[in-house]
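Please look over the structure below before reading on. The report then takes up ring pairs, the core, single residues and model confidence.

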Amino acid sequence: MSVARPTVNRALACLVLLGVATWGFPEEALAGDPFEKVSAEEVSRFINTGRANRNLKQLIDSSGWTRAELQAGLQKSYQVSLVSINRFLRSGTGEKFLSFVTSGYTPLSANTNPSQALRSAIIEDASDGFISALGIMEALPVDFSVSGNLSICARQVQVSPQQRTSTLSFYLFLPACLHASQNVR
C-alpha cells in the first residue's frame, strides 16, 4: 500500500489553518541535514531556473520534497504586519519560538546571538508587509549553519521524518509559522 506524500501547497494550507497550534516544542530534538554551505543566491537561482549546484542538489535530494514543491514553497510569500511580527518575536512566546527554531540553526560567528540574528532577518524581510523563505535567507546578517537538532516549526503538520528534519523544510515552514503566529503575544 502506498501513501501519498502531501504537496507543499496542502501542507502549507494545513499549517495556516492550524494557526498558532501548528508549532510546538518537540519532546526530543530531531537530527537535521549535515550543513553544506549554500548561499541565498544559489537558492534564488534554483527557484528561478531549477538548476542547483552540488551542495544544494544534495539538500534537495535529501529533503523528501520534489523540486517543484521546493521551488513553490521557498518563494511563497505570506502577508504580515511588521508591527505584529515584531511584537510576537519580542514577546515571551516569540522568544521561545526563536529559541526553538534556532536550536539546530546557529550563526557561524560565535559572537552572534542566534535568536537576535534570525529576528533581525525576519523583521527586515517583513518590512514590506510580506515574508518568504528566500527573503529571510537573503536578510540573514551572518552565515548560519545547521547542526543535528533541526526540526520544522510546524510540529503538527504530517510530513515524513525526512521532510521534518530537512534544512529546506525548515525554510519552507518558517514563514508560514510566523504568519500563523504573528498575532500571538
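## Aromatic pairs

How many aromatic pairs does a search of the whole structure find? The search, run on a predicted model, finds three.

One of the pairs joins W65 and F173. Their ring centres are 6.3 Å apart. The planes meet at 50°, so this pair counts as tilted.

F170 and Y171 are both buried.

A charge also meets a ring. K76 lies over the face of Y78, at 5.0 Å from the ring centre.

## Overall fold

The protein has 10 helices and four strands. From the N terminus, the order is α-α-α-α-β-α-α-β-α-β-α-β-α-α.

Of the 185 residues, 50% count as buried. The accessible surface comes to about 8,800 Å². Carbon and sulfur atoms hold 50% of that surface. Take the contacts between residues at least 6 apart in sequence: 74% of them join residues at least 24 apart.

## The nonpolar core

The largest nonpolar core has 47 residues. Which of them touch the most other members? They are L74, L118 and L178. Several elements give two or more residues to this core: α2 (40–49), α3 (54–61), α4 (67–75), α5 (82–90), α6 (92–101), α7 (114–126), α8 (133–139) and α10 (167–181). Helix α10 gives the most, with nine residues.

L118 shows what such a position touches. Beyond its neighbours within four places in sequence, L118 is in contact with L98, V101, T102, Y105, I136, L140, F144 and L174.

## Helices α2 and α3

In α2, the buried residues are A40, E42, V43, S44, F46 and I47. What do the buried residues of α2 pack against? They pack against α3, α4 and α8. Just after α2 comes G50, with a positive phi of about 85°.

L56 gives a view from helix α3, where it lies. L56 is buried, at a relative accessible area of 2%. Leaving out residues up to four places away in sequence, L56 touches V38, E42, V43, F46 and L168. Of these, E42, V43 and F46 are among the buried residues of α2. L56 and V43 are 13 residues apart in sequence, and their C-alpha atoms are 7.6 Å apart.

P175 is placed in helix α10. Its relative accessible area is 0%, so P175 is buried. Which residues does P175 touch, not counting those up to four places away in sequence? They are Y78, I131, S132, A133 and I136. P175 and Y78 are 97 residues apart in sequence but 6.9 Å apart in space, C-alpha to C-alpha. Y78 is also the ring under K76. I136 is also among the contacts of L118.

Q163 is in helix α9 (residues 161–164). At 1% relative accessibility, Q163 counts as buried. Q163 and S62 are 101 residues apart in sequence, with a C-alpha to C-alpha distance of 8.3 Å.

## Confidence

The average pLDDT of the protein is 76. A score of at least 70 is reached by 71% of the residues.

Which elements have the lowest and the highest mean pLDDT? Helix α1 (residues 8–18) has the lowest, at 40. Strand β3 (residues 130–131) has the highest, at 96. Over residues 1–36, pLDDT stays under 50. For that stretch the model has 92 contacts beyond four places in sequence.

Technical notes
Residues numbered from 1 in each chain as written. Predicted model: local features only at pLDDT ≥ 70, side-chain atom pairs only at ≥ 80, totals over all residues. Heavy atoms only, no water. Core = buried A, V, L, I, M, F, W, Y, C linked by side-chain atoms within 4.5 Å. Buried < 20%, exposed > 50% of the residue type's maximum accessible area, 1.4 Å probe, protein only. Contact = heavy atoms within 4.5 Å. Areas by Shrake-Rupley, 256 points an atom, 1.4 Å probe, with all protein chains shown as cover. Phe/Tyr/Trp six-rings, centres within 6.5 Å; stacked < 30°, edge-to-face > 60°. Lys NZ or Arg CZ within 6 Å of the ring centre and 35° of its normal. pLDDT = per-residue confidence, 0-100.
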